Amino acid sequence: MKEVDTLPPVKVPKFEDAFPNFTLQKKIEIKTPTEINTTSQSPAVVENVFLISEMSKSESLAEVSISCDSEQNQDSNVESTDENTFITLSELQQQRATKEEMSTFKNYETGEPSMRLYVKNLSKQVSEKELKYIYGRYINWNSEADVNSFDIRVMQHGRMKGQAFIGMPSEETAGLALQETNGYKLHGRPMVVQFARSTKAKDIS
């Protein structure tokens, strides 16, 4: 058998020297040796591994926290996930007003189907972001047409305050959204959702 030549132990650099752009923030557990032995037959290839040297030799776990100060290292996927996380059907159903509560709106009618929804009885503190969280679940975010047609306008002034208009990709999508969100309690008040009146030109006789 051939003798295997061994390489000297690899010295682990100090954390701040190896990663000057990182700061300590959150606690995570990383199991790491204080040194790595390599051989000529199986050289060690270490990729994307943080080696922590500032720990006593008797310790096998290091509690560290790593965060990057540079904006280039931010995870854009996490941000997009946060933006595109929307309410679930279960949440809509759990927060739906009872029939007795909705009976207050005696003259309620869905209206003639259209691609726009009219939402009223909103709390004055309702924001566009909150309505996007609710109605964004009906949008195919991989479709440019869907994204471009999705529009939210919250009325903030005058007599229209407490009302909003939601533009949807199609009448079918708007109908489903109306069915599932009408009566949903937002800030303790049930939303009243109808089809918005279409802006069709009047016939001139």
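Let me start with strand β12, residues 192-195, where Val-192 and Gln-194 point one way and Val-193 and Phe-195 point the other way, and where all of them are buried, buried meaning under 20% relative accessible area, exposed over 50% and partly exposed in between, with a 1.4 Å probe and protein chains only. In a regular strand the side chains alternate between the two faces of the sheet. Strands here are DSSP runs of E of at least two residues, helices are runs of H or I of at least four residues, and both are numbered from the N terminus.

Before I go on, this is a predicted model, in which local features need pLDDT of at least 70 and side-chain atom pairs count only at pLDDT 80 or more, while totals for chains, interfaces and linings use all residues. Residues are numbered from 1 along each chain as its sequence is written, and side-chain values use heavy atoms, with hydrogens and water left out.

Strand β12 is joined by four bridges to β7, residues 116-120, and the two run antiparallel; strands count as paired if DSSP finds at least two bridges between them. Within this pairing, Val-119 has Val-193 of β12 as its bridge partner.

Phe-165 itself is partly exposed, at a relative accessible area of 21%.

A tilted pair is also formed by Tyr-135 and Tyr-138, with 6.4 Å from centre to centre and 45 degrees between the planes; Tyr-135 is buried at 0% relative accessibility, and Tyr-138 is buried at 9%. Tyr-135 belongs to helix α5, residues 128-135, whose buried residues are Leu-131, Ile-134 and Tyr-135. Seen down the axis of α5, these buried residues fall within an arc of 80 degrees, so they line one face of the helix, the arc being that of the directions from the helix axis to the C-beta atoms.

In the loop between β7 and α5 we find Asn-121, which has a positive phi of about 65 degrees although it is not a glycine, and which is buried at 18% relative accessible area. Most residues other than glycine have a negative phi, and most peptide bonds are trans. His-187, in the loop between β10 (185-186) and β11 (189-190), likewise has a positive phi, near 55 degrees, but His-187 is partly exposed at 38%.

Returning to β9, four bridges join this strand to β8, and the two run antiparallel, with Ile-152 opposite Ile-166. Strand β8, residues 151-154, has a covered face of Ile-152 and Val-154 and an uncovered one of Asp-151 and Arg-153.

Terms used: Phe/Tyr/Trp six-rings, centres within 6.5 Å; stacked < 30°, edge-to-face > 60°.
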